[in-house]
Amino acid sequence: MDLDRRTLLTRATCALGAGVVAASCGSEDQAAAGSADRAAWESYWAGIRRQFPLNTDDVHLSAMLIASHPQPVRQAIEWHRRALDASPAGYLQDNNGRLREAALAAAGRYMGVDPRDIALTDSTTMGVALVYNGLMLRPGEEVLTTEQDYYVTHESLRLAAQRTGARVRKIALYEDIRQVTPESLAERVLQEIRPETRVLALTWVHSSTGLKIPVRMIADGLARINASRSPETQVLFGLDGVHGFGNQNQMFGSLGCDFFMAGCHKWLFGPRGTGIIVATPRGWAALRPSIPSFIDGESWTAWFENREPQGASTAARMTPGGFKPYEHQWALAEAFAFHEGIGPHLVQTRTEELATQLKEGLARMPNVTLQTPRRPDLSAGIVSFDVKGMTPAAVVKMLKERRIIASVAPYATRHVRLTPCIYNSPADIERALREVRAVAMV
Ligand SMILES: Cc1ncc(COP(=O)(O)O)c(C=O)c1O
């Protein structure tokens, strides 16, 4: 690609849509330049798509479930797998420390944190469970979450409450998703914080409706509440971040939460069976491990000496031990590098562009109700909708027969989901819209 990415982004932003070009640039020459930039933009993304070995018969609109590995990730996994098969213990002994550190360093760069504040996990689910079950809650204290959060958060909290005697309170985040604003969502959550609330457990992008919550606004409000509380009564903010991670250009510090849990095997296109927990030092110190760490020296020494480990918990102490699918864990470094090579801001721009095209097309269909807010500050890559008179499962089945890979999330209220990502194209979205229209007319 001749154009550097920054130039490409600036020029392509002008080129996005002939209407925009005509209105903002105003001349035929500029419109022609716009369409050339549009072609360059599409050819850039076609190059990204070629790095995925996806079959070309289907339109893949379910990256939110499980990743296809792009070429550098696939190559790294294969490289390590062969070396492990040739000498399992030898390769592990010689390389585990170095390769794990490289994966952590890459994650730290991507999230803008010290790698020592990251724990490697197997999935979002494992991270959420380790955090919420690691909190030392007491009877009389409560965890606040919402009715719209996912099973993984609710079930982890239920189990934590059962063990500790703390209470879980679920509030309705909204009555009508069509009426929400970032301010109304933040206000709804913050007004429910009580003196006994110790933890706020939320999800960045909801996998049912695609709603993206205003994490920073909520974190800022919490900081104001916490300012007048003693350290042991302050509210800690946990976030299931998986459906923003790898499609939103946000670092950990800009989110403002205490705990961020995400799988790397969805939007990040990382090795299947990988995930991270990122926490602030205050967050780590509030936790106790559930699974023995293999990388915390003090935990081992304490065991050798038959005593309690000293000091506060750290990411290393919270990192679940046991032998791993190492070739996958180590190839995380390439997954982060792949995203950095593109640029997280471009990943977000492309995801938003395709999601907008999809939402606008769905919103125009007579028998279709779009669930996901159209505003980019209230949505990311998940686009959810209903088709009048049909169950979501039936719609997904019919779309699959038409070679469109959609999905339904396991919630009490279900919707059809199409989730465009950086390996999709506007032509994919057009094809998906055509097939949804056909299904909705049946
Ligand atoms: C909000 C949310 N959290 C967690 C998960 C599970 O993710 P993982 O497979 O990384 O455990 C899902 C499933 O897609 C999800 O929608």
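Phe 294 counts as partly exposed because its relative accessibility is 38% (partly exposed lies between buried, under 20% relative accessible area, and exposed, over 50%, with a 1.4 Å probe and protein chains only). This is a predicted model, in which local features need pLDDT of at least 70 and side-chain atom pairs count only at pLDDT 80 or more, while totals for chains, interfaces and linings use all residues. Residues are numbered from 1 along each chain as its sequence is written, and side-chain values use heavy atoms, leaving out hydrogens and water.

**Nonpolar surface patch**

- Phe 294 sits in the loop between α11 (281-285) and α12 (297-304); helices (H or I, at least four residues) and strands (E, at least two) are DSSP runs numbered from the N terminus.
- Together with Ile 295, Trp 300, Trp 303, Phe 304 and Phe 323, Phe 294 forms a nonpolar patch on the surface, with about 720 Å² of accessible area in total.
- Patch residues have over 30% relative accessible area and no salt bridge; like charges are joined within 9 Å, and nonpolar side chains (Val, Leu, Ile, Met, Phe, Trp, Tyr) within 5 Å.
- Accessible areas come from the Shrake-Rupley method with a 1.4 Å probe, and for residues only the protein chains shown count as cover.

**Salt bridges: overview**

- Side chains of opposite charge can pair when their charged atoms come close.
- The structure holds 27 salt bridges, each being a side-chain nitrogen of Lys or Arg within 4 Å of a carboxyl oxygen of Asp or Glu.

**Arg 38 and Glu 353**

- Arg 38 and Glu 353 form a salt bridge, and their closest N and O atoms are 2.8 Å apart.
- The pair links distant parts of the chain, 315 residues apart: Arg 38 is in helix α3 (residues 28-49) and Glu 353 in helix α16 (residues 344-363).
- Arg 38 is partly exposed at 22% relative accessible area, whereas Glu 353 is buried at 14% relative accessibility.

**Glu 141 and Arg 198**

- A salt bridge joins the side chains of Glu 141 and Arg 198 (3.0 Å, N to O).
- Glu 141 lies in the loop between α6 (124-134) and β3 (142-146) and Arg 198 in strand β5 (residues 197-203), so the pair ties together parts 57 residues apart in sequence.
- Both Glu 141 and Arg 198 are buried.

**Network**

**Glu 78 and Arg 82**

- Glu 78 forms a salt bridge with Arg 82, with the closest N and O atoms 3.1 Å apart.
- Both residues lie in helix α4 (residues 71-86), four residues apart, about one turn of the helix.
- Glu 78 is partly exposed at 31% relative accessibility, and Arg 82 is exposed at 59%.
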